[in-house]
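Here's a quick briefing on one protein chain. Have a look at the model first, then we'll walk through it topic by topic.

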Amino acid sequence: MDESVMKIEFSEWANNGGIESANSTYINHAIDVLEWWLDEKLPDADIGNLFRYTDIVSYREKITVIKDRDDFKEVNQKDGIGRPSAALKRYEEFLAQRYYSASKAVSKGEFEMSESNENARKLANLLLHTHNLILHGAPGTGKTHLAKEIAKEMGAEWEMVQFHPSYDYTDFVEGLRPIKTDDGNQIGFERKDGVFKEFCERALKSFEESPNENNFDDAWNKLIEEVRNNLANNKLTKIGSWEYGLSQTESLKYSSVDSPSKYSFTITRQNIFDTYSGKQARPKGGFQKDMELIVSYMKEHYNLANYKENIGQKKNDKPFLFIIDEINRGEISKIFGELFFSIDPGYRGEKGKISTQYQNLIEPSDVFADGFYVPENVYIIGTMNDIDRSVESMDFAFRRRFTFCEIKANENLGMLDELEEAIREEAKARLLNLNEAISKIEGLSSAYHIGGAYFLKLKELENGFYSLWDYHLKGLLREYLRGMEGADALLETLKSAYENHGLDSELA
């Protein structure tokens, strides 16, 4: 998303109560800090325009680094009221509200399956900015169905697997599989990609870039290499009236030939690319001429081609959604292994590259020959039932990599609209009555409610509500009550609640 769009959205949010009791002067100061002021105050930090950050994970990573710098602490203190740190905080709050509002709505039970398209849209928007999502709740609440609806809403190519206790790394990532030798008389072993790695390879191929005819990256890398070689020989690289070295992040760092000790500044790759493509590189146009000289230098020395519109942009950023049904039933650490690092939302793409357990056996022609990573267009949804005992064993390392959204049984009654009109309202009444009775039993809660998916079985049962109780609900509820004092009496209480729904039944 364009920086100017984010700036406008932030301004509207702030002026409409996002920053409580703030006047226009305060808001304009915050915008200046985010757009250009902090970048100019900390020239070596490669900050740039902070409105380029559209997801909260990447933004938090960036400002954590900024706040740890001694020069930031100094300018923040000198500013008197701590305006820079306040501006950073306000933009973080803006991003949080912008992208996590769907998560908050779910936790408050505002999603209803009768508005399933709206549910899927909101959750798809949330997933696009968090990358990893867990749909959890009572059994039968439509979590798996909702995951597929989210895929449709995103226009994503999707694949689904179901975890179980025997599922492991070789199924999910890669492993050695038996094969017959060429003569067919012996058995050998061959490294094979697991289902998730194969999925990521497909996603990566769809995320390819078109040929980079403007050869900007090649010319830029050669310039950086020249500057690096000159530094190795204790020399700077002169372009125009400035001599250049490198910052810690390998941006160009320059100082005036006439007064090298009085002033220094940093120019990033993005600054030069913006200049190359005809844009103003910095908010107020500062040092634009110097950047144009660098572009000219790259054309003269490294054959940088004239800029062509839309060249080098991603030709296909189609999302790929991997759905893991009953994710908690697998032994997570055994299945994911070192992928725990790569699935972190902050390490999508090549910056999250790792060596897998069989990296030494991967062919040089493989797309992951230099290491595996999860492409930026890959998203993950896991589903799980809250009452499964395996939920309790899921560690915090896993939990902090996912956003959790509860799907509640009593708020998903819209899924029962698939039933015939004659029994639809009765099914909803029975479900609500039964779940209310479950909640009244000590030791049980909404995690033990009966989801609407159970009642969809009415479409196939000959004896309607009677068969649903005898063959599907009774056994499950008996397991809920196992070991409780007076379990049989409690089961009768639940049956009574199920039958006393207050509506005349055509099937009961």
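Let's start with the sheet: five strands form an open sheet in the order E2-E9-E10-E1-E11, and the pairing is parallel. Strands (E, at least two residues) and helices (H or I, at least four residues) are DSSP runs, numbered from the N terminus, and two strands pair if DSSP finds at least two bridges between them. Bear in mind that this is a predicted model, where local features need pLDDT of at least 70, side-chain atom pairs count only at pLDDT 80 or more, and totals for chains, interfaces and linings use all residues. Residues are numbered from 1 along each chain as its sequence is written, and side-chain values use heavy atoms, with hydrogens and water left out.

**The sheet and its helix**
- Strand E2 (157-162) and strand E11 (403-407) are the edge strands, each pairing on one side only.
- From one strand to the next, the twist averages 20°; axes here are lines fitted to C-alpha atoms, for helices over the stretch in contact, and angles run from 0 to 180 degrees between N-to-C directions.
- Strand E1 (residues 132-137) and strand E10 (residues 378-385) run parallel and are joined by six bridges.
- Leu135 sits opposite Thr383 in E10.
- Helix H9 (residues 195-206) packs on the sheet and touches E2, strand E9 (320-325) and E10, where contact means heavy atoms within 4.5 Å.
- The direction of H9 makes about 165° with that of E9.

**The chain overall**
- The protein chain has 19 helices and eleven strands.
- Of its 508 residues, 48% are buried; that means under 20% relative accessible area, while exposed means over 50% and partly exposed is in between (1.4 Å probe, protein chains only).
- Among contacts with a separation of 6 or more, 67% come from residues 24 or more positions apart.

- Phe72, Val75 and Asn76 are buried in helix H4 (residues 70-78).
- Seen down the axis of H4, these buried residues fall within an arc of 105°, so they line one face of the helix; the arc is that of the directions from the helix axis to the C-beta atoms.
- The face turned away from the buried side of H4 carries the exposed residues Asp70, Gln77 and Lys78.

**Tyr59**
- Tyr59 belongs to helix H3 (residues 56-67) and counts as buried, because its relative accessibility is 0%.
- Setting aside residues up to four places away in sequence, Tyr59 touches Leu34, Tyr53, Leu88, Tyr91, Glu92 and Leu95.
- Tyr59 and Gly346 are 287 residues apart along the chain, yet their C-alpha atoms are separated by 9.6 Å.

**Arg191**
- Arg191 is in strand E4 (residues 187-193), and at 14% relative accessibility Arg191 counts as buried.
- The side chain of Arg191 makes a polar contact of 2.9 Å with that of Glu174 and one of 2.6 Å with that of Asp193. A polar contact is a pair of N or O atoms within 3.5 Å; within protein, one must be able to donate a hydrogen and the other to accept it, and residues adjacent in sequence count only if both atoms are side-chain atoms.
- Beyond neighbours within four places in sequence, the contacts of Arg191 include Gly175, Leu176, Lys197, Tyr358 and Asp366.

**Cysteines**
- There are zero disulfides in the structure, a disulfide being a pair of cysteine sulfur atoms within 2.5 Å.
- Cys200 is buried at 0% relative accessibility, and Cys405 is buried with a relative accessible area of 1%.
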